[in-house]
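Reader: Could you walk me through one part of this model at close range? I'd like a single connected account.

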Amino acid sequence: MNKLLFLVLGTGALAGSLAGGTARAQTPAVNPMPDGSRDMYVGLGAQSAPRYEGSGSRKVSALPVLQVEWSNGIFISGMSAGMHLSGSPTVEYGPLLAVQPGRDESGTSVEVGGVGMNGLIGPAAGEKAMFMTGRLGGMDEIGTRLQFGGFYNVYLDPQWRLSSSLLVGAGRDRDGARLELNVQRLALAAGSHHRVSLTAGVGLVNRQYNETYFGVTAAEAMRSRFGPWQPGGGLQDVHASVRWNWVLSPSWMLTSNLQAKRLLGDASHSPLTQRPTNLTVSTAFAYRF
Amino acid sequence: MCPVRQLIASLALLLAAGSAGAQAQDAVSYRDAYRAMVVFDKYGGPKNLLVNQLQVLPRERGALADGLLLSLTGRSTQLNLPLDPLGRTVFPLQKAAYDENASLSLSRKGIAFTLRPQVSIAPRADGVYDVAELRSACAQALDFARYVDASQRSRQCAGVRFVFGKKAEAGARLRRPDGTEQVLPVANAEAEDGFPAVSWRFGGAERGQVATYNAPLAILPIFE
């Protein structure tokens, strides 16, 4: 089943947007522009990522790129959308919507409807045979979820930003919540062809969130080879990423991201977690409309 | 494919894609410059004593030759913006250029450069500046700096720097209320790419005027 992923750009001149995970809520920096104008990036690339959080196997997939900002403050950034409400250059806040991809027995995410799909680079033959047996065989399928919440970012100076986002609505019963706290070193210098941004942070989740993505219910334990596991909430992960944007021209950009993430607490001890530390690498060409 | 091979393949893709773009020209997005420049335009605080200009910073020192222009090029937009010796120009805020994703490039090819907004104190035609007005102008500039950069909140106005184009043109004197005058020393200001400058630091309760012998290229606030 195809999986739709989006890459989030770091595009700011005075302040770039962040880029953590590909599927998490992202808030690009405020982009002042003329009334009625917009700034849009569309592109395509590839990503190598774990099949699911905690998975020991990886897959390479096509990676659509989408980031749009309108003069009224509304933005779409990867699989999230929101609105900038602050009038201050040093503070950003507003509502946020985000799509949390689902997970099926093979670990791949459930298709996100309503958005154009792209073909995938499938797993190699040997790897596919392994997945036919179902790494998550017997586990309930988790549907795609629309999460809602908000974001609040503070600039310590034009280069350093503390960012936070809170989203609820993930999980089996749509009652999972995730709080993400990051510190970011943003790229500057309009005119520089190369912009590098660094991000480091933590993710905190409630019990319902962890139960959905890292827990094993009694029924699942009966059907699968996993023992029952009831994780609690709390600190779920610590992550760090580096984004490199190569501005080839005012219209074209090569954007690449490397993220390391380590699961913590009950998520790392889950029987579903084969590898608590994982890397995600992606690169894509994007055109600025 | 094993994970390591997949990772290597991804990195190879990244490098290959990067090599493909190595022929990129030195042009800057108008949108990036716009978003940096429009902040001053939208700023609601006092700014009547200030000017906001776009400054070209070439990577090579001394690359700003006479007659160099900054060209704004879009589908329906073509403007040549003259640069002063400091590389500054008045930036046009144009919706058409923004929507067309216009580019900014230098009239002479092969010069790598970056852009930045520069807020300075507006020069006066008569070259005479009340000390009180210079203090107010510096305060306005500091308020704007604090507006865009929270880390500036601990800084204070310390003075102003008059930057001149040539050593022969550089010079200013302080006129005190009692009629006495003091010639202010000229120094080569490294921060201004070697242009001669006269720095005048605010005293305690000093009143009077600062008069320049010739029109300065720029009057920059000093924050400490």
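Reader: In what order do the strands of the open sheet of 4 strands in chain B come, and is their pairing parallel or antiparallel?

Author: First, some housekeeping: this is a predicted model, where local features need pLDDT of at least 70, side-chain atom pairs count only at pLDDT 80 or more, and totals for chains, interfaces and linings use all residues. Residues are numbered from 1 along each chain as its sequence is written, while chains are lettered from A and ligands numbered from 1 in the order in which they are written.

Now the sheet: its order is 8-14-10-11 in chain B, and the pairing is antiparallel. Strands here are DSSP runs of E with at least two residues, helices are runs of H or I with at least four, and both are numbered from the N terminus; two strands pair if DSSP finds at least two bridges between them. At the edges sit strand 8 (128-130) and strand 11 (181-184) of chain B, each pairing on one side only. On average, neighbouring strands of this sheet are turned by 25° against each other, direction ignored. Such angles are taken between axes, lines fitted to C-alpha atoms (for helices over the stretch in contact), and run from 0 to 180 degrees between N-to-C directions.

Inside the sheet, strand 10 (residues 172-175) and strand 14 (residues 209-212) of chain B run antiparallel and are joined by 4 bridges. Zoom in on Arg173(B) and you'll find its bridge partner, Ala211(B), in strand 14 of chain B.

There's a helix to look at too. Helix 4 (residues 131-148) of chain B lies across strand 8 and strand 14 of chain B, and runs at about 75° to strand 8 of chain B. Contact means that the C-beta atoms of two residues, placed from the backbone, lie within 7 Å.
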